[in-house]
Amino acid sequence: MKQNYKPFIRLDAAGLLINISFFSFGAQFPVTNTNNNGAGSLTDAINQANANPGPDTVTFSLPEGGSMTIAPTIPSPVMTDTLFINGYSQPGAALCTIAGTTIRVNIDGVGLPITNDIFIVSSNNVQIAGLAIYRAPNFSSGIRIDLAINDVFIWGNYIGTDSTGLSTGLGNSYEGITCNTFNNTTPSSGIVVGVKGDGTNDANEGNLISCNGEDAVILWRTESSTIAGNIIGFNKNGTGTGFGNARNGILV
């Protein structure tokens, strides 16, 4: 049975949270087209950031009047260095509450081969914000945080629906967000999904996580982490039917 969850569900095991500014940091690598690869693509931007030691930012400057949807057919590079993927850098995007935010960049995984998550985080100190992330293929999630990764901040996204925040039938086939899944030896820590609670930008950090084929969020062997200020299992307004995640809203 699909399950709906209201905002402000919180897990805070020990209060040891990350302290990463939501502003851009380090070198900036712009995404200027919706191509699979090559100069200006999201793939190329992540690859460049991986190759540049230290914190970097992937920004967006897709042409107005063109498609704001990146629909990759090849797997996205694994993030292996400190990185901020900042969808709010796209002109016209705007920070606000979940209902009022303006997301311009859609990441549609429908064309990916099966078992390929849309984003894979395999580095500490990563942020992903301001994107609509949906339709990961069979056996795949919107965002996968790899084994024993720490200090990841996922905020201000729509995960499992498009940039309208009102569309059903676009869920990721597995989880919206999965962390450390089935790793029984080394825990992850400092994972923040939604509001960090540090008094900076808190009102604008919640995610919408709906319509996913299994859990909205799963934290497996994860400690000192927070899930807060999100809307899970509804549309961006906290209403509507058909937005439930098929299994759990949150599985810890």
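Visitor: Which residue in β9 stands opposite Val-121?

Guide: Val-121 stands opposite Ile-145 in β9. Please bear in mind that this is a predicted model.

Visitor: How many bridges pair β6 with β9, and in which sense?

Guide: There are 3 bridges between β6 and strand β9, which spans residues 143-145, and the two strands pair in the parallel sense.

Visitor: What sheet do they belong to, and in what order do the strands come?

Guide: They belong to an open sheet of 5 strands with parallel pairing, in the order β6-β9-β12-β16-β20. Its edge strands are β6 (119-121) and β20 (250-251), each of which pairs on one side only.

Visitor: What is the strand order in the open sheet of 6 strands?

Guide: That sheet has the order β3-β5-β8-β11-β15-β19, and its pairing is parallel. At the edges are β3 (69-70) and β19 (231-232), each pairing on one side only. Within the sheet, strand β5 (residues 105-108) and strand β8 (residues 131-134) pair in the parallel sense over 4 bridges.

Visitor: And which residue of β8 is opposite Val-105?

Guide: Leu-131 in β8 stands opposite Val-105.

Visitor: Now β7. Are its residues buried or exposed?

Guide: Strand β7 (residues 126-129) is covered on both faces. Val-126 and Ile-128 are buried on one side, and Gln-127 and Ala-129 are buried on the other. In a regular strand, side chains alternate between the two faces of the sheet.

Visitor: What pairs with β7?

Guide: Strand β4 (residues 83-86) is joined to β7 by 4 bridges and runs parallel to it; in this pair, Ile-85 stands opposite Ile-128. Strand β10 (residues 152-155) also pairs with β7 in the parallel sense over 4 bridges, and there Val-126 stands opposite Val-152.

Visitor: Which residues line the largest cavity?

Guide: The lining includes Asn-35, Asn-36, Leu-42, Thr-43, Ile-70 and Pro-72. Also among the lining residues are Ile-74, Pro-75, Ser-76, Ile-107, Leu-112 and Ile-118. By class, the lining has 8 nonpolar, 4 polar and no charged residues.

Visitor: What about the largest pocket: how much space lies in it?

Guide: About 240 Å³. It is lined by 19 residues, of which Tyr-174, Glu-175, Thr-178, Thr-181 and Phe-182 are the closest to its centre. The lining divides into 8 nonpolar, 4 polar and 7 charged residues.

Visitor: How many disulfides does a search of the whole structure find?

Guide: The search finds 0 disulfides.

Visitor: How far apart are the C-alpha atoms of Cys-96 and Asn-116?

Guide: Their C-alpha atoms are separated by 31 Å, and the two residues are 20 apart along the chain. Asn-116 sits in the loop between β5 and β6. Its relative accessibility is 17%, so Asn-116 counts as buried.

Visitor: Last topic, backbone angles. What is phi of Arg-135, and what is it for Arg-221?

Guide: Arg-135 has a phi near 60 degrees, a positive value in a residue other than glycine. Arg-221, likewise not a glycine, has a positive phi of about 45 degrees.

Visitor: Where do these two arginines lie?

Guide: Arg-135 is in the loop between β8 and β9, and Arg-221 is in the loop between β16 (217-219) and β17 (222-223). Arg-135 counts as partly exposed because its relative accessibility is 30%. Arg-221 also counts as partly exposed, at 42% relative accessibility.

Terms used. Residues are numbered from 1 along each chain as its sequence is written. This is a predicted model: local features need pLDDT of at least 70, side-chain atom pairs count only at pLDDT 80 or more; totals for chains, interfaces and linings use all residues. Side-chain values use heavy atoms; hydrogens and water are left out. Two strands pair if DSSP finds at least two bridges between them. On a 1 Å grid over the protein atoms alone, a cavity is a set of points where a 1.4 Å probe fits but cannot get out, and a pocket is an open set with protein on both sides within 12 Å along at least five of seven lines; lining residues have an atom within 4 Å of a point. Grid points are joined across faces, edges and corners, and a volume is the space filled by probe spheres set on the points. Ala, Val, Leu, Ile, Met, Phe, Trp, Tyr, Cys and Pro count as nonpolar, Asp, Glu, Lys and Arg as charged, and the others, Gly among them, as polar. A disulfide is a pair of cysteine sulfur atoms within 2.5 Å. Buried means under 20% relative accessible area, exposed over 50%, partly exposed in between (1.4 Å probe, protein chains only).
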